[in-house]
Amino acid sequence: MKAVGYIRVSTQGQVEDGVSLDAQEAKVRAWADLNGADEVLIFRDEGLSGKRSDNRPGLTAALEAAGKGDALIVYSLSRLSRSTRDTLSIADALTKREADLVSLSEKIDTTTAAGKMVFRMLAVLSEFERDQIADRTRFALAHKRANHEKTGGDVPFGYRAEDGKLYPDPAEQTTVALVMDLSARGTSLRGICRELVSAGFPMKNGKLTWHPQSVRRIIERERKAA
C-alpha cells in the first residue's frame, strides 16, 4: 500500500511559521508507519483556501498519485475541502481509482461501509457549521450598521468615525442628500457624477473626480439605512 498524504494551510502566516504543515505531515507519516505503508508521498498546498478544489495543484497531484489499494491521508476533512460537493466529488474520484480516504482527526476510514456513511455525514455537518458562521457574521455586521457602528474598511462617505461609531458629517451629508434626490428623479449614475462635479462637491479625499461606483455605494448604503 502507498500512503498519499495531503496537507494544506490557508494563510501566509501559517506557511511562514510552518508548524501547522509539519504537524500535519508528522500525523500522516505516523499513520503510514502504523499501517505498514510501503511508500509515503506528501503533497502540499501552502496559503490556499479549501473552498475550491480545482485551484490546488497539490491536491490534484495527490489524487493522481493515489491508485488501487492506496490511501489518501488528510489530517482533517477541513484540510481536504470546505465544500460538501467538492469533498464528496473527491471521495468519488478515489472510489473510481479503488483508493481509500483516511481523515485522521475524524477517525474516518472509507475501507468500511460505516466509514463511508460517517464521512458523508461529517462532510455535510462541516459545511453546515461554515454556513452558520457566515450567517452570524452577516447578522453581526447588520446589527453594527443599524447602530451606526463602524464595520471595518474605509469610513463611508457622509460619515465620520469617532470611538468606533459613525456620525453624520454635515458637509458630506449635503452631498448625500443631492445624490439621493437626483437618484429619486431617475438621474443615471454618470449623470449624478456630472452634477456633483458641476456643483463643486468633493469626494472624501477632496478630489472632484466622481465615479459611478462611488455614487452607487452611497445610494445602496442610504437605502439600507432607510
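The side chains of S78 and R79 are joined by a polar contact of 3.5 Å, a term that covers a pair of N or O atoms within 3.5 Å, where within protein one must be able to donate a hydrogen and the other to accept it, and where residues adjacent in sequence count only if both atoms are side-chain atoms. The model is a predicted one, in which local features need pLDDT of at least 70 and side-chain atom pairs count only at pLDDT 80 or more, while totals for chains, interfaces and linings use all residues. Residues are numbered from 1 along each chain as its sequence is written, and side-chain values use heavy atoms, with hydrogens and water left out.

S78 is found in helix α4, residues 77–80; helices (H or I, at least four residues) and strands (E, at least two) are DSSP runs, numbered from the N terminus. With a relative accessibility of 17%, S78 counts as buried, where buried means under 20% relative accessible area, exposed over 50%, and partly exposed in between, with a 1.4 Å probe and protein chains only.

Helix α5, residues 84–96, has 13 residues and reaches 18 Å from its first C-alpha to its last, close to the 18 Å expected at 1.5 Å a residue; the expected span is 1.5 Å times one less than the number of residues. The buried residues of α5 are T84, D86, T87, I90, A91 and L94, and just after this helix E98 takes a positive phi of about 60°.

The structure holds seven salt bridges, each a side-chain nitrogen of Lys or Arg within 4 Å of a carboxyl oxygen of Asp or Glu. Among them are these:

| Salt bridge | Distance, N to O |
|---|---|
| E25 and R29 | 3.0 Å |
| R44 and E25 | 2.8 Å |
| E172 and K204 | 2.9 Å |

E172 counts as buried at 12% relative accessibility, whereas K204, at 39%, counts as partly exposed. Elsewhere, salt bridges that share partners join E25, R29, R44 and E46 into one network.

E25 counts as buried at 18% relative accessibility, while R29 is partly exposed with a relative accessible area of 37%.
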